[in-house]
Number of protein chains: 2
Amino acid sequence: MVPGTAVILAAGFGTRMGGKPKGLVKIAGREILYRTMRLLQESGVKKFVVVTNEKYSPLYREFIEKHGFDTELVVNPEPEKGNGHSLHLAREKVEGKFVLVMSDHVYSGGFIEKAVRGEGLIADREPRWVDINEATKVTVKDGRVLRIGKGLKEWDAVDTGFFVLDEGIFKVTAILESEKNGDYPLSEVIGRAKVPVTFVDGLGWTDVDTPEEIKRARRMLIRTAVKGTGDGFISRHLNRRVSTRVSELLVEKVTPNQMTVVTFFLGIISALTTPVNLPLAGILYQLSSILDGVDGELARAQLRTSKLGGYIDSLLDRYVDGSFLALLAYTTLREPVWYLVALLALLGSVMVSYSTERFKGAFCRDAYADVPALRKLPGKRDERVFLTMLFLLYPAGLSIKVLFITLALLTNTRVLLTAYFISKKVLQAKTI
Amino acid sequence: MVPGTAVILAAGFGTRMGGKPKGLVKIAGREILYRTMRLLQESGVKKFVVVTNEKYSPLYREFIEKHGFDTELVVNPEPEKGNGHSLHLAREKVEGKFVLVMSDHVYSGGFIEKAVRGEGLIADREPRWVDINEATKVTVKDGRVLRIGKGLKEWDAVDTGFFVLDEGIFKVTAILESEKNGDYPLSEVIGRAKVPVTFVDGLGWTDVDTPEEIKRARRMLIRTAVKGTGDGFISRHLNRRVSTRVSELLVEKVTPNQMTVVTFFLGIISALTTPVNLPLAGILYQLSSILDGVDGELARAQLRTSKLGGYIDSLLDRYVDGSFLALLAYTTLREPVWYLVALLALLGSVMVSYSTERFKGAFCRDAYADVPALRKLPGKRDERVFLTMLFLLYPAGLSIKVLFITLALLTNTRVLLTAYFISKKVLQAKTI
């Protein structure tokens, strides 16, 4: 179903990018083309054909060899002509269905996953990350391209620079070759061929023509890198808003692992601050909770996610929470009965994660994806940390006791409900 | 590789079993034949041919319909003749390689998994669950059967009643049909055909001729139902010895879920006993730890394992441990600093499980199987519970403080080492 080959047009001179090949510009630590090729590969594309010019050809060759993509390089000796000609030059290298994609477009994983399963021109009716004035627009009739161009006043969708075509397209390029003496843009090929249109709306993609637009692409990559299935209320409405901005600042400089370590130490420092200054400890704790999203965002934006990284991060989070509650109890409580409450709050706190992670261990599936009811249950880490901070802002003997009771009830009830919803789901699935 | 069809010989009258078809005798809650057919199915066998007699045929038909196995029933009108004839009657129903198995033999999952991948007669050089005097013995030469019979004085291995044959065997039965007027035992077919021999040594299998032997089969099923990959020192040397005996007593009467509930309540009762009587609480806690193995043993022996059951059991274990430590601390400790130690002991206690279960969640693989170094690390639940009981037998203020310090250090060090060994393993696997 997914085409085996992708043709990448990379013959244009990046004049507004200081003459550097745009496909080799790094955003979030990865060349634009590396990102596109790797995501295409993960979606099932096996072979690549990169059409470039004589000047860039050695640079692209080096890039391809470094990353080991199965690629044929085609040199367009007349790159100053319209990029329709570059497509035409790839005609001998492809068979059947193939992906056609621009080297200066940056795509999110979510976009590519859907786009490769489309047909014809992949168009976006809700483009979020492009300058509409600069974009190529299309009107669609009966599911096919009617008109295409930058100047259209009325349009249905925006050309994403991503196509799923087949060999038939080369009949059209052959005609245009003779009509236009080899100088015609891709949009003319698409318009003439009246290719089908598949809508992939509102997902992450953008193009990069100027250094300014690199920033926009970076922001797009970070924003679409939020995983979010396990995010609670505070995470969605507060933490992610801050963490994505931090990630934008750091994504070119910091690795996910470095960020994991920094966040862990900030969390431990917040715990160690409890005997000194409770409001400050609470604020540092909430800060570490915000930063806790950054390592994952960096990893996904940099295409550096690792199961081991997620594993270690998850252990460290539990130790931050455990240490914070333990030291908070040690600092503020005196009577055994309150320690009993604190012990149950700490137990419940770890068990919230245990109860969803253990599901994954048993079923090899994500609990939040399988049992959507869990997403709405309160008591996730981001909510607990925020609550803790609130209670610590104006600490009094009673307020902290109320905090521990609240945590003990909230977490252990959540675990009970998690077990209930999961059991219900599993038993239903069996009887269906 | 695994044959698609299995022929099951079930024509013999169970004279010593009160005339009941032996294949339909229930052991550990399941008919012998249900067990064999389901385990064969899990190993890849799709179709079954059951050869039985006129009297038993309606009973077997009912059994097959109830369980929905894809089965052809063949009636042997002369069941009093040797069982070689029963095999001969199946000749039209099989093609190519097939499994041949006796209806009165009880096999463990581990045995069948290996045996279906063998060739010819599957023989056992270290039979653990059979009466050697009654067993059919074989001598082997050049990898093939040389002699076969119950009376052999010198022998190499014991016939397990499990064969992987092909159509060629029916040439031999055809000859014996005319030579012996249709009355010859299977062993004569095997001996005459000089089939190859595959050794599958020391695994769980036995045959059932008398009510006495049902007990032996039950014991075999329980003993081979011990999973054990996550078992610590105390579990291997003490808990399992007791729990398997308990399982033998309960396996016909109690479901795994019932056992999970009973064990949980015993654990909670042990925790609630801490304010009343510490030595008793410790003993009850250790008792619940022993019983904690029983639900899994019952589930495996009864072929009733469920991921949900394992999931719930695992949550309940954490709550028993958490409650026990929380109430023990509440009962015995007074100074905040000792509560701090107790909080860390409780955290570490849950984190020991979290750190291995979270691995499964991330990698969909068993941590103990993938990272054998983890098996030798001390600090597993069975060891912690036993240690706790020891410290509580002669409780004094100091001894309990030492217990909490020991638990806090033991568990959290174990988590640290778990993270270390897992990281090492994952990173090595990547660079190889």
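Trainee: Which residues in helix α6 (residues 186–193) of chain B are buried?

Mentor: Good place to start, bearing in mind that this is a predicted model. In that helix the buried residues are B:Leu186, B:Val189, B:Ile190 and B:Gly191.

Trainee: What covers the buried residues of α6(B)?

Mentor: The cover includes the strands β1 (5–10), β6 (98–102), β10 (144–149) and β11 (157–165) of chain B, and also the helices α3 (84–89) and α5 (169–180) of chain B. Just past the end of α6(B), B:Lys194 adopts a positive phi of about 45°.

Trainee: Why is B:Ile64 called buried?

Mentor: The relative accessibility of B:Ile64 is 10%, and buried means under 20%, so B:Ile64 counts as buried. This residue belongs to helix α2 (residues 57–67) of chain B. Setting aside neighbours within four places in sequence, B:Ile64 is in contact with B:Phe69, B:Thr71 and B:Leu73.

Trainee: How far apart in space are B:Ile64 and B:Gln286?

Mentor: Their C-alpha atoms are 44 Å apart, and 222 residues separate the two in sequence.

Trainee: How do you know that A:Cys364 and B:Cys364 are joined by a disulfide?

Mentor: Look at the sulfur atoms: S to S is 2.1 Å, and the cut-off is within 2.5 Å, so the pair qualifies as a disulfide. A search of the whole structure finds one disulfide over all chains. The pair crosses between chains, and in both chain A and chain B the cysteine sits in the loop between α13 (336–363) and α14 (367–370).

Trainee: What makes A:Cys364 and B:Cys364 partly exposed?

Mentor: A:Cys364 has a relative accessible area of 39%, and B:Cys364 has 40%. Buried would be under 20% and exposed over 50%, so A:Cys364 is partly exposed, and B:Cys364 is partly exposed too.

Trainee: Why are the two copies said to be related as by a two-fold rotation axis?

Mentor: Chain A superposes on chain B by a rotation of 180° with 0.0 Å of shift along the axis, at an RMSD of 0.0 Å. The copies are thus related as by a two-fold rotation axis. In chain A, the C-alpha nearest that axis belongs to A:Gly361, at 1.9 Å.

Trainee: How do you know that the copies meet through the same surface?

Mentor: Of the interface residues of chain A, 100% are also interface residues in chain B, so the surface is the same. Each chain, A and B, gives 50 residues to the contact. About 4300 Å² is buried between chain A and chain B, with 78% from carbon and sulfur atoms.

Trainee: What makes B:Glu357 and A:Arg358 a salt bridge?

Mentor: The closest N and O atoms are 3.2 Å apart, and the limit is within 4 Å, so the pair counts as a salt bridge. Across the interface of chain A and chain B, the rule finds two salt bridges.

Trainee: How is chain A divided into domains?

Mentor: Domain 1 spans 5–222 and domain 2 spans 227–431. Their centres, taken over C-alpha atoms, are 42 Å apart. The contact draws twelve residues from domain 1 of chain A and ten residues from domain 2 of chain A.

Trainee: Which residues in domain 1 of chain A lose the most area to domain 2 of chain A?

Mentor: A:Ala28, A:Arg30 and A:Ile222, together 50% of what that side buries. Between them the two domains of chain A bury about 1100 Å², 55% of it on carbon and sulfur atoms.

Trainee: Why does A:Arg219 count as forming a salt bridge with A:Glu248?

Mentor: Their closest N and O atoms are 3.1 Å apart, and within 4 Å is what the rule asks, so the pair qualifies.

Conventions: Residues numbered from 1 in each chain as written. Chains lettered and ligands numbered in written order. Predicted model: local features only at pLDDT ≥ 70, side-chain atom pairs only at ≥ 80, totals over all residues. Heavy atoms only, no water. Helix = DSSP H or I, 4+ residues; strand = E, 2+ residues; numbered from the N terminus. Buried < 20%, exposed > 50% of the residue type's maximum accessible area, 1.4 Å probe, protein only. Contact = heavy atoms within 4.5 Å. Least-squares fit on C-alpha atoms with pLDDT ≥ 70 in both. Domains from an automatic or database assignment. Buried area = accessible area lost by both parts, 1.4 Å probe. Salt bridge = Lys/Arg side-chain N within 4 Å of Asp/Glu carboxyl O.
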